[in-house]
Amino acid sequence: MATQQPIATIPNLKGRLPKLEPRRKRPTPANPLPLPETPALPPPLDTPPRSFQVPTRRILSTKDHELFLSSPTYTLIVAFVFGLSDAVVDTPISAVSDDDCSPAIKSILSILDEAEALVLSTPPEDSEGSRFGNKVFRTFLDKAKAASSSWNQKLGLSSQETISEVETYLNQSFGNRTRIDYGSGHELNFIIWLLCLYQLKIIAKTDFKPLVLKVFARYLLLMQTIQSTYYLEPAGSHGVWGLDDYQFLPFLFGASQLLHHPYITPLAVHQELTLEEFGHDYMYLGQVTFVNSTKTVKGLRWHSPMLDDISAAKSWNKIEGGMKRMFVAEVLKKLPVMQHFLFGSLVPAAEGMSTEAELGVSNEEDEAEGGAFVVEHDGMKHVHQANSWGDCCGIKVPSAVAAAQAAKRNGAGELRRIPFD
C-alpha cells in the first residue's frame, strides 16, 4: 500500500501583502484669484454736483485703465453691483410683489414698458436671411433717445443738465448704434443708470431687492425682445468659450437667488422640466432657457461649454463666488470692455485720466458707420475700425438668434443633435 504524501503547508502571506488603505483624495486646486469682498456702499451724494456733464469715454489707454481700477469710482461700482446681488440672496422673483415697489421703481418699470412698445412699433426690415444686425435698430434707438428726456422727467429730474447726463447711460444700455451689437458693457450702462439714480437719492438701498427682481428682470425681457427683433450681434463675443453672447449679470444675480436652495442644484441647468418650472422665478435658470432657445444645436456642452463646466460645481456658493470674480476680471478689468465706459459728474473719472479732446478722439455716438477710433491694447496704440474683425475687441460674429430663427423658417423642428452626443 502506497504511503500518503504529506500535505504541503500553506505559507502565511499576511505579512507579505501590502496594507490596504483608502486612496487619498487630491486636494482641490485653489483658485489663484481671491474672492472679491463687497465693499461698503458709499452714501448718496449729499448735494448734487455743481455742474453736470454729458458722460464721455476716459479710459483711452492702459494707464487710464489702471487709474480707474485704483479709483473710488471703481469701488463704488463694485459695491453697488455686489450690493444688488447680496440683496436677493435666496429670493425668487415671485417673492417681490407690486406693493413692495416704491413709486420710483414703478416709474422705471413703466419706462421699460414704453421702450418695448417702441420696439413693437418699429418692426425690422426683411434682410433676406441676413444673420447680422438689422439696421432698423438705429431707428428704434433714435425713437428711444427722443423719448428719454420725458422718461427721466418721470423720475423727478427737472434740470436739463441733469437729464443730459443721466439719460446717456440709459440710451447706451440698449446696444451700439454704429455696430448694431450688444454685450456686457451695454448691460453695465443700465446698472450705471440705476447708480446715477441712487446718487441723486431717487432710489435707496431699501429698493435694491425690487431693483433686481423687478427692474433688472424686466430689462432682461426687454433686451431679449430687442436681440430677437433686430438680431443684435454679440459685442466682443468669445464664441462658445464665453459665458453668454450678451449678458453677464443674470448669472451673478441668479446664483445669489439660488445660494442655499434646498433642492435646485447647479446640475438643474440640464433638466428641461426644472428650467420650465422655475425659469421664470430664478434669473440663472431663465437665462439658460433663453440661451438654449437661441442655438441651433442641442446641449449646453456643445453650444455653451462654460455654462456646462460651471454646472459641475458642488454648490451655488462656489458659482456665486466665481461670478463675482468673473465680473471683476472679465468686465471691469478688461480694457476692450471698459474702453467704452462713460464718465460724468455722478460717476467721475479719476484725476489724470485722458479725455477724448486731448487725444483727438470723437464721441462714440458721433462716429459714422465704419468709423475708426484710437485704442490701446497690450501697450500698443492703434486705429480700430468700429465694425472690424479686430481681435482686441473680439471678432465680429453673426447673431445666434438670427441663426436659430432662420433654422425654424427653413422647417427645422427640434434642435439638431451633435452626431456623437
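Here is a quick tour of one protein chain, from the whole fold down to a few single residues.

This is a predicted model, where local features need pLDDT of at least 70 and side-chain atom pairs count only at pLDDT 80 or more, while totals for chains, interfaces and linings use all residues. Residues are numbered from 1 along each chain as its sequence is written, and side-chain values use heavy atoms, with hydrogens and water left out.

**The whole chain**

- You'll find 16 helices and six strands here; helices (H or I, at least four residues) and strands (E, at least two) are DSSP runs, numbered from the N terminus.
- Of the 421 residues, 51% count as buried, where buried means under 20% relative accessible area, exposed over 50%, and partly exposed in between (1.4 Å probe, protein chains only).
- Take the contacts (heavy atoms within 4.5 Å) between residues at least 6 apart in sequence: 79% of them join residues at least 24 apart.

**Helix H5**

- H5 runs over residues 160-172, and its 13 residues should span 18 Å at 1.5 Å a residue, which agrees with the 18 Å between its end C-alpha atoms. The expected span is 1.5 Å times one less than the number of residues.
- H5 has a kink of about 30°, centred on valine 166; the bend at a residue is the angle between axes fitted to the seven residues ending there and the seven starting there.
- Most of H5 is covered, with ten of its 13 residues buried, among them Ile163, Val166, Tyr169 and Leu170.
- Those buried residues pack against helices H3 (103-120), H4 (136-153) and H6 (184-199), plus strand E4 (342-343).
- At the start of H5, serine 159 has a side-chain oxygen within 3.3 Å of the backbone nitrogen of glutamate 161.

**Helices that cross H2**

- The axes of H2 (residues 72-87) and H6 come within 11 Å and cross at roughly 95°. Axes are lines fitted to C-alpha atoms, for helices over the stretch in contact, and angles run from 0 to 180 degrees between N-to-C directions.
- H2 and H6 are therefore roughly perpendicular to each other; angles of 65 to 115 degrees get that label, under 35 counts as roughly parallel, over 145 as roughly antiparallel, and the rest as oblique.
- H2 and H7 (residues 208-230) have axes that come within 8 Å and cross at roughly 85°, so this pair is roughly perpendicular too.
- That H2–H7 contact involves Phe80, Gly83, Leu84 and Ala87 of H2, with Phe208, Lys209, Leu211 and Val212 on the H7 side.

**Two residues to look up**

- Serine 85 lies in H2 and, at 0% relative accessibility, counts as buried.
- The side chain of serine 85 makes a polar contact with that of serine 256 (2.5 Å). A polar contact is a pair of N or O atoms within 3.5 Å; within protein, one must be able to donate a hydrogen and the other to accept it, and residues adjacent in sequence count only if both atoms are side-chain atoms.
- Leaving out residues up to four places away in sequence, serine 85 touches Leu252, Phe253, Ser256, Glu320 and Lys324.
- Threonine 265 sits in the loop between H8 (249-257) and H9 (272-278), and its 40% relative accessibility makes it partly exposed.
- Threonine 265 and serine 315 are 50 residues apart along the chain, yet their C-alpha atoms are separated by 6.9 Å.

**Helix H10**

- In H10 (residues 283-293), the buried residues include Met283, Tyr284, Leu285 and Phe290.
- Their cover includes H7, H8, H9, H11 (300-303), H12 (305-310) and H13 (316-332).
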